[in-house]
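Me: Could you take a close look at the pockets here, with the cut-offs spelled out for someone who does modelling?

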Amino acid sequence: MILGDLLGTPVHDDDGVRLGRVADARFVVDGAPHRLMADARLLGLVVSPHSWSSFMGYERNSLTQPWPLPQLLRWRHRGSFFVMWEDIAVLGDRSVRLRRGYTAYSPALDGSGQE
Amino acid sequence: MKTPRPLGSVPLAPVPPVAGQTLDAQLHLLDRQVLDSGGVPVTTVDDLELGAPEGEPETPMGTVIPPGTPAPVLTALLTGPVLGTRIFGGRPPSSRLIRIPWTDVASVGVVVQLGVSGQGLDADWVERWVRDKIIARIPGGRRDPR
C-alpha cells in the first residue's frame, strides 16, 4: 500500500455519511525492533472535513505565530479529528469507512513526538 | 452529500498516550531530505510504502478489516520521478519508485538520517552516473576539491 493513494481519500462512517478526507497518517515508532529503528506502525488517520492538504501542521500544534497564518489554517481545518487504526473498518481505493461507534480524538500532537 | 461531523462543537479527547516517537507522515516525513550515514544528501521522501508487520498476513484492502488485525507498518521510503505527477496529479507506477527500506533509517528529525552509506542505494544513481560519466571526463573533474 502506498500512502499517497490514501491521502485525500473520502472518509465515511458506518452509515455512509461523509466525514471528510484523509489529511494525514500518524505512525508511532514502537513496533518490532531492528538494528537502527523499530517498526513504525500506523496509529491512525487524521480526517479533515474541509481540506485534506496540510501546511506545516499548524492545526496540530500550539504555535500562534506568525499571525494570522496559524489562525487561518486552524480555521481551514476546523472539525478535524483523529481516528485510531482499530476504528477503521475498510481501507479502499476510493473510500475509507470507519467502524460503528468509532471514537474521534483530537488531532493535536501531544508534544512527545515532534512539533 | 457532504455532512459535517456531528461532534464538531464538542472538545475532543486527546489521543491515548503511546510509548514511541509519533510521526505524522505529511509533517515529519514527506518531502524531508534524506541524508546517508556520512551526512551526504541522498534524496527527498516522495512517498511512503506500508505493509503488514513481519510474519503477519497482508492488510485487506477494499474489504472489511477483521477486528484485531495488526496495523500496517512503514516498510520503505519512496523516491522517484514525481515532478510531473506532483503538478498534474496521480503518481508514477509503483515499479518506477525507488525504495529505501525503513530498516535503513536511523533517525527522523529535521532530516531523515540513514544508517547506511548512500553509495549502495539506488536513490542517487543519477548523481553517481553524472559524476562518473560526465564530471569525471572534465579536466580536473576527478580531483576532490576538499
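Reply: Happy to! The largest pocket has a volume of about 770 Å³. Closest to its centre, among the 26 lining residues, are Leu7(A), Trp52(A), Gln26(B), Leu30(B) and Arg86(B). A pocket here is an open set of points on a 1 Å grid over the protein atoms alone, where a 1.4 Å probe fits, with protein on both sides within 12 Å along at least five of seven lines; lining residues have an atom within 4 Å of a point. Points are joined across faces, edges and corners, and the volume is the space filled by probe spheres set on them.

This is a predicted model, in which local features need pLDDT of at least 70 and side-chain atom pairs pLDDT 80 or more, while totals for chains, interfaces and linings use all residues. Residues are numbered from 1 along each chain, chains are lettered from A, and side-chain values use heavy atoms, without hydrogens and water.

Back at the largest pocket, α1 (3-6) of chain A and both α1 (25-29) and α2 (83-88) of chain B each supply at least two lining residues; helices are DSSP runs of H or I with at least four residues, strands runs of E with at least two, numbered from the N terminus. Its lining divides into nine nonpolar, nine polar and eight charged residues, where Ala, Val, Leu, Ile, Met, Phe, Trp, Tyr, Cys and Pro are nonpolar, Asp, Glu, Lys and Arg charged, and the others, including Gly, polar.

The second largest pocket has a volume of about 220 Å³. Its lining includes Asp36(B), Pro41(B) and Arg131(B), and α3(B) gives the largest share, three residues.
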